[in-house]
Amino acid sequence: MHLNAKLRVLGFRMVPYGAHETVDGIQLPDAGMLDRTRRITIDRMEHNRWMAERLLLGWSLGVKATPENKRRPAFVPWELLPVSERRKDEDQTAALFQVCRALAPEATDDAPPPGFRILDIGLHSDGAASESR
């Protein structure tokens with residue numbers, strides 16, 4: 001699932017409640033709190049996911065967006081997208097974080113256990129995860 005790939009890149013992991021009980025869960029930060037490099041990485045991943053999904057459905061590059069012919073001018077690398085198209089990826093990333101926060105809310109003494117927990121797997125500067133699997 002692409003959600004898990006994006007979380008892993010950021011150094012997080014979503015697990016079912018009850019798994020890894022020896023590790024405390026965390027509240028996933030708001031997408032706007034990510035540093036610029038990490039945010040661009042996730043936005044770029046979202047654009048690539050969108051392109052892959054459309055390519056599998058037969059869409060291709062076109063000068064003008066034509067749904068009937070399955071053409072889109074946004075079939076270019078993320079760096080070449082106009083700001084208006086990049087914002088779509090940013091919006092999707094923000095929505096993804098909202099969904100994660102809803103699926104894995106902070107547990108409280110008076111609330112029932114959430115369905116999922118977010119774990120911080122502690123990425124090092126080289127991108128290697130420190131958590132043992």
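How are helix 1 and helix 3 oriented to each other? In this predicted model, the two helices are roughly perpendicular to each other. The legends below begin with this pair.

**View 1. The packing of helix 1 against helix 3.** The axes of helix 1 and helix 3 lie 12 Å apart, and the helices pack at an angle of about 95°. Helix 1 comprises residues 2-10, and helix 3 spans 83-103. From helix 1, Leu3, Lys6, Leu7 and Leu10 meet Leu96, Phe97 and Cys100 of helix 3. The residues of this contact include 6 nonpolar and 1 charged, with no polar residues.

**View 2. The packing of helix 2 against helix 3.** Helix 2, which spans 36-56, packs against helix 3 at an angle of about 105°, and their axes are 9 Å apart. This angle makes helix 2 roughly perpendicular to helix 3. On the side of helix 2, the contact is formed by Arg39, Ile42, Asp43, Glu46 and His47. These residues meet Asp89, Glu90, Gln92, Thr93 and Ala94 in helix 3. By class, the contact of helix 2 with helix 3 consists of 5 charged, 3 polar and 2 nonpolar residues.

**View 3. The salt bridge of Lys6 with Glu46.** Side chains of opposite charge can pair when their charged atoms come close. Here the side chains of Lys6 and Glu46 meet in a salt bridge, at 2.4 Å from N to O. Lys6 belongs to helix 1 and Glu46 to helix 2, so the pair ties together parts that are 40 residues apart in sequence. The structure holds 8 salt bridges. Lys6 also takes part in the contact of helix 1 with helix 3, while Glu46 takes part in the contact of helix 2 with helix 3.

**View 4. The second largest pocket and its lining.** The volume of this pocket is about 180 Å³. Its lining consists of Glu46, His47, Arg49, Trp50, Arg54, Trp59, Arg72, Glu85, Lys88, Asp89 and Gln92. Helix 2 and helix 3 each supply at least two residues of this lining, and helix 2 gives the most, with 5 residues. The lining residues divide into 7 charged, 2 polar and 2 nonpolar. Among them, Glu46 and His47 of helix 2 also meet residues of helix 3.

Note on methods. Residues numbered from 1 in each chain as written. Predicted model: local features only at pLDDT ≥ 70, side-chain atom pairs only at ≥ 80, totals over all residues. Heavy atoms only, no water. 1 Å grid on protein atoms, 1.4 Å probe; cavity = no way out; pocket = protein on both sides within 12 Å on 5 of 7 lines; lining within 4 Å. Points joined across faces, edges and corners; volume = space filled by probe spheres on them. Helix = DSSP H or I, 4+ residues; strand = E, 2+ residues; numbered from the N terminus. Nonpolar A, V, L, I, M, F, W, Y, C, P; charged D, E, K, R; others polar. Axes fitted to C-alpha atoms, helices over the stretch in contact; angles between N-to-C directions. Parallel < 35°, antiparallel > 145°, perpendicular 65-115°, else oblique. Contact = heavy atoms within 4.5 Å. Salt bridge = Lys/Arg side-chain N within 4 Å of Asp/Glu carboxyl O.
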